[in-house]
Amino acid sequence: MLLTTISQCNNCLDFSPLSSKPDTWPAVSIGGYLISGFNRAADAPVLELLAAGGFAPEAFAQAFFNEHPALSLPELARFWTKISSLSAGSPDIWPDIWPETWPETWKQVLLKYSLRDSETLKETLLRVAATPRDFQNWASFRGLSAKDLGVLKSLPSLTDVDFVFSEIVRLDPTRSTGVSLLELMVELHLMGRATTDILKVLSEGAEAGLKKLQSMRNPMAAERDLSAQAAVENWPWPQYAQAKWTRLGDQSAVEVKFHFRSVEDFKRKLEGLERVQNSLQTPGLPTPWKTEAKLHS
Amino acid sequence: MMIQNLIEKFQHIYIDEQSRGSKVAQRFVSLFPEEKISFVSEMPRSEARGSLSSKEFDRSKKEIFITPFKGSFFKRCPGSKPGLACCNYFVLNLGLQCDMNCSYCYLQSFINTPVLTIYSNLDQALSELDEMGLKFSEQSMRIGTGETIDSLSLDELTLYSHELISFFKRYPNWRLEFKTKSDRVEQFLNTEHAGNVIVSWSVNPEFIVSSEEHSTASLAARLDAAEKCLARGFQIAFHIDPMVWHPEWRENYLGLVDEIVRRFEPSQIPYISLGALRFQPEQRHLMRERFGLKSYVTQAEVFTSPDGKMRYDADMRQEMFAHVIARFKEHDPLWKVFLCMETPESWISTYQAPPRRVAGLEELFDPKVPAAILADEKRDLL
């Protein structure tokens, strides 16, 4: 180990990490490649880790992990593209410092973050790194995984969906809502829905917008559920019962809610509900099931 | 001529050194040009193991790896999971991956090998069956080969059909089922059989064949092949599966039923199974990347079902099944149609009865799977 300064480092692997160690810790470089302390002054101290005779993949991975123990996927994506850009513009040629061992080193780095090297991951990282920085920061803050962001791989071009990223940043949804919004917006875009239609439903906020996007994505089911709800509302429910048409995955049904305070009360309320059941035999009374038949006829 | 298409279709054949002496490897060596053959000591492209990218998945359909299967060949159909009504079907996997390219293919949810694999140790598979035969030769069992690889699309290369058909002559109470979307049957039509071989086709209206079942035989070619098999005394069956919703689904599926009915009699077809589009949720990513969002499969309105798979709305499925069943029954009540990989609830809403109580299907769903086989399976799982 050798103590040098930032200005003595030949290359900087600055991938804009969101957090860094306190300035009282020296920055770290490996073979002249700075891996931390990117924003420090030129004369700031740097610990050079490259020992004579090379640097083992596991040691690099450990050193990198020590410097960045909690890296989000977008940060990792930026690191990956930074390394790739150093390879003379070709992702197949690795930096001259570790031409032979880089694939193994990369594998070891990923293992530190509980990830496994694969083409799928590399493709996702390239896509994530190409998204706007404020979207990346949202994804980092919400802890999105490679799987959560995998939908980006189905886009022929990211530039057409800038509105997707900006809307997510604007709405700042939770992870789960954000992942669903991202997937739905990308799918609707790929299905040819107009951007204005998508943006319109998002004006009411993330959760309400998500529901509307789901309806837009599944229009037949949405129409059927809407008709069914209208039919159910028209049944002669007693005042104490609240009834609604509910979707439970691939099935839907009537949900009835009421409270009872004693066995007698329970009995009385069930009798009231029985009257609803009887009225359902009335010819001409709309039911969700009849609505279904109409919808598809 | 047809075999020449296959030889041209594959870019490279890798033969595991352990399979060098196998019949199937020797046949590939005799058929393919020398420059397309390599002998290897491990799986090629093994760096690509794990979940495959769309490019890797596409490439895996163009290269073949011949290797021995290490493990037990004989398994129960995935439909035998709790919560699904199962038709007592056993699977014998003789390979992994398919040279055809259906947008909905369930192999997209679990294939993690970078090449199309053909197992070279068919003799071991047959030994396993012989072991079963020691105890259960008198039992009625259906054994299919088309779960993880199409039974016949590569059969002109492997000629596995010959050995299997001959083998099943020793077990007349068992039924061997080939399941295919190809029309490649000529190679086994002259093979002597015991009348217990069912050649079955997964069929869909031509509209769906051409839009979703890429590189498969046309509907007409599949039905022509079925007629040829029937003429040679093979039993035939059809799987209208997966039914895919599209705006003209009603007319198109009626057309399909009518075409089957025009060509065949109910007495000639022991069963027709129905199933609707279903897939594992994680499969949607690969489907979307590989087929875009212009496909009726990737565009489908699907929801999570109790078994975790994505399916159409249950009422819609029931309507689709009832539509097809009604048409068959209009033609002749003797058509035997059953639901594949469906819940008992779907059965009841479609047939007003569970499968074992539906006329004509009792035998298919009779819980006659030898208890000992199930016990063996449980032991394996432990």
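**Charged pairs and helix packing**

Reply: Let us begin with a single side chain: B:Arg327 is partly exposed, at a relative accessible area of 22%. Please bear in mind that this is a predicted model.

Me: With which residue does the side chain of B:Arg327 meet in a salt bridge?

Reply: Side chains of opposite charge can pair when their charged atoms come close. Here the partner of B:Arg327 is B:Glu330, with 3.7 Å from N to O. B:Glu330 is exposed, its relative accessible area being 59%. Because the two residues are 3 apart in helix H11 of chain B, about one helical turn separates B:Arg327 from B:Glu330.

Me: How many salt bridges does the structure hold, and which residues do shared partners join into one network?

Reply: Over all chains there are 43 salt bridges. Through shared partners, salt bridges connect A:Glu183, A:Glu187, A:Arg217, B:Arg284 and B:Arg288 in one network.

Me: Which residue forms a salt bridge with A:Arg224, and where do the two partners lie?

Reply: A:Arg224 pairs with B:Asp315, and their closest N and O atoms are 2.1 Å apart. A:Arg224 counts as buried, at 4% relative accessibility, whereas B:Asp315 is partly exposed with a relative accessible area of 22%.

Me: What does the salt bridge of A:Glu67 with A:Lys21 link?

Reply: The closest N and O atoms of A:Glu67 and A:Lys21 are 4.0 Å apart. This pair links distant parts of the chain, the residues being 46 apart: A:Glu67 is in helix H1 (residues 57–67) of chain A, and A:Lys21 is in the loop between strands E2 (11–12) and E3 (27–30) of chain A. A:Glu67 counts as buried because its relative accessibility is 12%, under the 20% cut-off. A:Lys21, at 23%, is partly exposed.

Me: Turning to helices, at what angle do H5 and H7 of chain A pack?

Reply: Helix H5 (residues 133–142) and helix H7 (residues 162–171), both of chain A, pack at about 50°, and their axes are 9 Å apart. H5(A) is therefore oblique to H7(A). The crossing of H5(A) past H7(A) is left-handed.

Me: Which residues meet in this contact?

Reply: H5(A) contributes A:Asp134, A:Phe135 and A:Trp138, which meet A:Phe165, A:Ile168 and A:Val169 of H7(A). By class, the contact of H5(A) with H7(A) comprises 5 nonpolar residues, no polar and 1 charged.

Technical notes
Residues numbered from 1 in each chain as written. Chains lettered and ligands numbered in written order. Predicted model: local features only at pLDDT ≥ 70, side-chain atom pairs only at ≥ 80, totals over all residues. Heavy atoms only, no water. Axes fitted to C-alpha atoms, helices over the stretch in contact; angles between N-to-C directions. Helix = DSSP H or I, 4+ residues; strand = E, 2+ residues; numbered from the N terminus. Parallel < 35°, antiparallel > 145°, perpendicular 65-115°, else oblique. Left-handed = near helix turned anticlockwise from the far one by under 90°. Contact = heavy atoms within 4.5 Å. Nonpolar A, V, L, I, M, F, W, Y, C, P; charged D, E, K, R; others polar. Buried < 20%, exposed > 50% of the residue type's maximum accessible area, 1.4 Å probe, protein only.
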